[in-house]
Amino acid sequence: MHYNKVEICGVNTNNLIILKESEKISLLKKYRENKDLSAREKLVCGNLRLVLSVIQRFSNRGEEMDDLFQVGCIGLMKAIDNFDLSQNVRFSTYAVPMIIGEVRRYLRDNNSLRVSRSLRDTAYKAMQVKEALQNELNREPSVEEIAKKLDIPVSQTVMALEAIVEPVSLYEPVYSEGGDTIYVLDQVASHESDSDWIDEIVIKQGIENLSKREKQILSLRFMQGKTQTEVAEEIGISQAQVSRLEKNAIKSIRNG
């Protein structure tokens, strides 16, 4: 990959060195065994091209490349500190996902929505009206009531109020004790998993409604992996009959 002569974080990318794999392993051993920080520094400097290569794919995100480069270097240092020398893996193979993960984490945590000034002003007015109505009505006012007071459409009111709600990261810790942390993600119900077990119940019920022969054919075909010809020979019917019974059974299960 060709790099133009450009400075990033004060580093001239044209002068970045590249270490051989054997040199990386040698420096990693030196750093681990002797806590040699100079070896760690050489590892960092010798892999800056790797960081630069990784952050190129994030160049269209509107972020400062200097910032992404610094974040990528943090990922690189984590890779250096955690790389397992006993595994037969190239350092770059391990480091690239670590660098990408660090950059993605940075982008996720810093990707705040940019709200226009006019929408923000509307939102603050809506909050003031909401508070006033709450005191007046002794209850939570509806969006329709707030919109009517502001003399703007309900949709605009909803958009304004949602625009100033702080986004919460799914990885934000909500509780921690004894080293075990519970994140927001752990508290969010998985509708997909609900759907999975509902589908499983439906399939089981569908199978129960099949004839003995249809169950036998499905078991031989999909549990034991036999071909339609093999199934036909085993139960003493033609391959065409097996095909027809199999299709009918699957159709029956799908239709519930």
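Lysine 30 and aspartate 36 join their side chains in a salt bridge, 3.9 Å from N to O. A salt bridge here is a side-chain nitrogen of Lys or Arg within 4 Å of a carboxyl oxygen of Asp or Glu. The structure holds nine salt bridges. This is a predicted model: local features need pLDDT of at least 70, side-chain atom pairs count only at pLDDT 80 or more, and totals for chains, interfaces and linings use all residues. Residues are numbered from 1 along each chain as its sequence is written, and side-chain values use heavy atoms, with hydrogens and water left out.

**Overall make-up**

- The protein has 13 helices and four strands. Helices (H or I, at least four residues) and strands (E, at least two) are DSSP runs, numbered from the N terminus.
- Of its 256 residues, 30% count as buried. Buried means under 20% relative accessible area, exposed means over 50%, and partly exposed lies in between (1.4 Å probe, protein chains only).
- Among contacts with a separation of 6 or more, 53% come from residues 24 or more positions apart. Contact means heavy atoms within 4.5 Å.

**Salt bridges**

- Side chains of opposite charge can pair when their charged atoms come close.
- In the pair of lysine 30 and aspartate 36, the lysine is partly exposed at 38% relative accessibility. Aspartate 36 is buried, at 19%.
- Glutamate 102 and lysine 78 form a salt bridge of 3.0 Å, N to O. Glutamate 102 sits in helix 5 (residues 91-110) and lysine 78 in helix 4 (residues 65-82), so the pair ties together parts that are 24 residues apart in sequence.
- Glutamate 102 is buried, with a relative accessible area of 11%. Lysine 78 is partly exposed, at 35%.
- Lysine 226 and glutamate 234 meet in a salt bridge at 2.5 Å, N to O. Lysine 226 is partly exposed at 24%, and glutamate 234 is partly exposed at 44%.
- Shared partners link salt bridges into one network of Lys78, Glu102 and Arg105.

**Helix 11 against helix 12**

- Two packed helices are described by the angle between their axes and the distance between the axes.
- Helix 11 (residues 212-223) and helix 12 (residues 228-235) pack at about 135 degrees, with their axes 10 Å apart. Axes are lines fitted to C-alpha atoms, for helices over the stretch in contact, and angles run from 0 to 180 degrees between N-to-C directions.
- That angle makes helix 11 oblique to helix 12. Under 35 degrees counts as roughly parallel, over 145 as roughly antiparallel, 65 to 115 as roughly perpendicular and the rest as oblique.
- The crossing of helix 11 past helix 12 is right-handed. That label applies if the near helix is turned clockwise from the far one by less than a right angle, and left-handed if anticlockwise.
- Helix 11 brings Arg213, Gln216, Ile217, Leu220 and Arg221 to the contact. Helix 12 meets them with Gln228, Val231, Glu234 and Ile235.
- By class, this contact has four nonpolar, two polar and three charged residues. Ala, Val, Leu, Ile, Met, Phe, Trp, Tyr, Cys and Pro count as nonpolar, Asp, Glu, Lys and Arg as charged, and the others, Gly among them, as polar.

**Leucine 85**

- Leucine 85 lies in the loop between helix 4 and helix 5. Leucine 85 is partly exposed, at 30% relative accessibility.
- Beyond neighbours within four places in sequence, leucine 85 is in contact with Ile25, Leu28, Lys29 and Arg32.
- Leucine 85 and lysine 29 are 56 residues apart in sequence and 7.8 Å apart in space, C-alpha to C-alpha.
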